[in-house]
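Me: I have a structure to read and I am new to this. Can we go through it feature by feature?

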Amino acid sequence: MNGTGAQVASGHPETTNAACEVLAAGGNAVDALVAAAWTACVAEPIFCSPGGGGHAMIRMPGRAPVIADFFAQTPRRRRMDDLEFYPIHGNFGTDVQEFHVGMGAAATPGMVAGLFELQRRHGSLPMTALVEPAVTVAREGCALTETQAFALQILEPIVRATPEASAMFGLDAHDGPLPRVGTVVTNRPLADWIERIAVDGPDALHHGEQAIAIAEDAQAHGGHLTLADLAGYRVHWRRPMRWTLGDATVWSNPPPAFGGLMVALMTQALEHRLPAGVRFGDDAHLDALTEAMGVSERERQRLEQPDTLGCSRRLMQTFRQLEGELRVSRGTTHIGVRDAAGGFAGMTASNGEGCGRIVPGTGFMLNNMLGEEDLNRPGFHNWPLNRRLASMMAPTLVLRNGRRVLLGSGGSNRIRTAIAQVLANLMHFDLDLAEAICAPRLHLEGDRLAIEHPHPDWPAQVADWLARSAPEARCWPAPNLYFGGVHAVADDAAAADPRRGGTARSLN
């Protein structure tokens, strides 16, 4: 949708409606973002939860961009006996992925602390007002969308992990059928809890009776979390990493997160490999994409050395060296808001896939970040104590010819390839925002290529390129949430990814 006023894009109609409601009530972009995030915890429980974490990119009028880091933190001690940690398999249809869940997969959550910190520093409305849309949706119910119903199918083992989990996701019984598209799902325990936390503040989760209940539940069910983990959690404000891309300036998520680094590596590798005059879907375009994906993955391995991972400054120094060399040569969701005054706020949030355990008396599930392979590259149970996990989230702001675009994506290790392809579509192929997001994508995982094909936007020669260059590629017959979910707002437009049921609105 186009317009010159406020813009909102997210992964669910109710999430977008919450942001619009707050903007209409006089709230700014951050107010709208916080309200939308609370509502996403209700409407998109597979992707977003108070038991997870995230990163937010904020650019208020007249100020430099900043990043709020409220991602999950590793526990202060590692439990090895009686650990509840087990694999499940998510079936995407064309591909099957393994995830690890259980209370032993839960890291210290930061979502609630992050939302309160965003509201405290940049909001204009009280938190009690910002939670109203979420509370209403949780009490009155939310119709299950195709995306959410598909996600329940993919992660059915987590949905059925406990009777409490099954109830939260809308099953009538633990062994009952999954709810169908259009089923209205309520979550009254979550509505009550959100109302209480809006009044009591984040200390209720990190220091009070709720914290004690989480710690006791973790100890009883094979988890690592203790009261000290919850009490010691802090939100960090960081300066975004910045680089140039053609005639654009780009800001994204800095270390210790990996997302911005990977987007920077891939976009720069792609820029140096895309010849002028190449059209979308040409052999040269596809060759450049696969080469850039391979380069970024190889350079990631150089960044993931033990002496580098332990220090954000050393990580950035190594990245700058790689950047110079380039010049020479899963459950996640995103929300974007632009307010009428020109303020931008975007958040990528995740609960992993969820660990299967519901926090007693709250109606929400804790994360499974310690069971995410992409966040635990040295191997499970080898994480450093009391450190931020290296998220692949990458809320990204682009300034080109006076126009600003704020975008982000869900999709774990597909985040970097999704964002890079959308940026290339915008800047190299001059597609409009919606076209850039809806265009078919590919993703290289190791030496295995996955591609949305057939697709009407690919030229006919793509089939020949696949037969010649990637005969063993996995072809997805329709756009799929496997390839991420990019949602974006610009000064003059908003667009949301149909792969994840996205909804965009303009308020003029």
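Reply: Start with the idea of a nonpolar core. It is a set of buried Ala, Val, Leu, Ile, Met, Phe, Trp, Tyr and Cys residues joined through side-chain atoms within 4.5 Å. Keep in mind that this model is predicted.

Me: Which residues touch the most other members in the largest nonpolar core?

Reply: W38 and M347 do, in a core of 66 residues. Helix α2 (residues 29-43) gives the largest share of this core, 13 residues. Another core lies apart from it, with 31 residues, including A248, F258, L261 and V263.

Me: What is W38 in contact with, leaving aside its neighbours within four places in sequence?

Reply: Among its contacts are P50, V112, L115, F116 and M127. The list also includes L130, V131, A134, W193, I194 and I197.

Me: Now a single residue. Is Q148 buried or exposed?

Reply: Compare its relative accessible area with the cut-off: buried means under 20%. Q148 has 3%, so Q148 is buried. Q148 lies in helix α6 (residues 146-154). Not counting residues up to four places away in sequence, Q148 touches H12, A43, E44, P45, I46 and F47.

Me: And strands? How many bridges join strand β1 to β20?

Reply: Here is the general idea: in a regular strand the side chains alternate between the two faces of the sheet. In this model, five bridges join β1 (residues 6-10) to β20, and the two run antiparallel. V8 stands opposite R505 in β20.

Me: Is strand β20 mostly covered or mostly uncovered?

Reply: Mostly covered. Strand β20 spans residues 503-507, and four of its five residues are buried.

Methods:
Residues are numbered from 1 along each chain as its sequence is written. This is a predicted model: local features need pLDDT of at least 70, side-chain atom pairs count only at pLDDT 80 or more; totals for chains, interfaces and linings use all residues. Side-chain values use heavy atoms; hydrogens and water are left out. Buried means under 20% relative accessible area, exposed over 50%, partly exposed in between (1.4 Å probe, protein chains only). Contact means heavy atoms within 4.5 Å. Two strands pair if DSSP finds at least two bridges between them.
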